[in-house]
Amino acid sequence: MQFWSGTAFMDTADALAVAQILDEAGFDGIVCSDHMIYPRELSSPYPDSPTGKPGWPPETAWPDSWVLIGAMAAVTRRLRFSNAVYVAPARPLLEVVKQVATASVVSGGRVALGVGVGWMREEFELMGQDFASRGKRLDEMIPALRALWQGGWVSWSGRYYRVPEMMIEPHPPAPVPILCGGESEAALRRAARLCDGWVGYAYSLDDAATYAGRLTALRRKYGREDEPFEILLALTDPPSRDLYRRAEDLGITAVMCAPWAMPDARPGDGFRGPIERFAETVIAKMR
């Protein structure tokens, strides 16, 4: 079992220090979340919200994922980086190619790309990208990214993206794993058919088992059940070695944890104390 953490709702200035502590404590990775803006006039409904509004205030910081990943990579040695999730189809294809490739090179190949279709129409419109076709464009963007990251003369020709033969450097030192986020049937099928893994949210173990089982069935349908596949999510059950062993048996490969936000975190502890206690009481016993 891998143990990851995240930067969502964290003060941006704290992220580098937290990444260093996680790296030293033996965590495996950290994910960055993604939004570009919060419009004053927000008409897009937020999924799974009874009010249709996001559960965070407009002033919440969402630092650029790839700037932050590059900075965290510079102050860590072994920690891996990904997204939960990056709204890739809100950006031009070549922008995603360049950002992820650069992060892969400067981190020594320690990045994966976790993509999702997003929900905020306003972000897409401000970036000049079509909102209605975002799922179909992401389906094409995934193989296009793999092709354009190969190095040398590369090109892509599809329905939504056309890239004439060119060199795009630097290119990743090794293939960049692509994970897909989202709970919809379309997202699960995209993960099983096109991706190297799936990024979920926070679930009870029973609900996590349902998603893991559905992904297994879909991978079998697409003839990919024997290929490596990551499942990265958070569990709402109290942390224990037994919980994580049971999760492993379901095919869950990584859990996201925020030790400083757990009930046993002590006032004034900051980040280091809870992270190191979690590493000693849970991670060390799993290794």
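**Cavities, cores and aromatic pairs**

Let me begin with the second largest cavity, whose lining divides into 6 nonpolar, 1 polar and 2 charged residues, where Ala, Val, Leu, Ile, Met, Phe, Trp, Tyr, Cys and Pro count as nonpolar, Asp, Glu, Lys and Arg as charged, and the others, Gly among them, as polar. This is a predicted model, in which local features need pLDDT of at least 70 and side-chain atom pairs count only at pLDDT 80 or more, while totals for chains, interfaces and linings use all residues. Residues are numbered from 1 along each chain as its sequence is written, and side-chain values use heavy atoms, with hydrogens and water left out.

The lining of that second largest cavity consists of Gln2, Trp4, Arg80, Ala112, Pro177, Leu179, Glu230, Leu232 and Ala254, and the elements that give two or more residues to it are strand S1 (2-6) and strand S9 (230-235), strands being DSSP runs of E with at least two residues and helices runs of H or I with at least four, numbered from the N terminus. A cavity here is a set of points on a 1 Å grid, over the protein atoms alone, where a 1.4 Å probe fits but cannot get out, and lining residues have an atom within 4 Å of a point. The space in the second largest cavity is about 60 Å³, a volume being the space filled by probe spheres set on the points, which are joined across faces, edges and corners.

The largest cavity has a volume of about 80 Å³; 13 residues line it, and the closest to its centre are Thr7, Ala8, Ala61, Pro63 and Leu68.

Turning to the packing, the largest nonpolar core has 74 residues, and Phe3, Leu113, Trp198 and Tyr244 have the most contacts inside it. Such a core is a set of buried Ala, Val, Leu, Ile, Met, Phe, Trp, Tyr and Cys residues joined through side-chain atoms within 4.5 Å, with buried meaning under 20% relative accessible area, exposed over 50% and partly exposed in between, for a 1.4 Å probe and protein chains only.

Finally, there are 14 aromatic pairs in the whole structure, that is, rings of Phe, Tyr and Trp (its six-membered ring) with centres within 6.5 Å, called stacked under 30 degrees between planes, edge-to-face over 60 and tilted for the rest. Phe27 and Phe278 make a tilted pair, 5.9 Å centre to centre with 35 degrees between the planes. Phe27 is buried at a relative accessible area of 0%, and Phe278 is buried at 5%.

Definitions and conventions: On a 1 Å grid over the protein atoms alone, a cavity is a set of points where a 1.4 Å probe fits but cannot get out, and a pocket is an open set with protein on both sides within 12 Å along at least five of seven lines; lining residues have an atom within 4 Å of a point.
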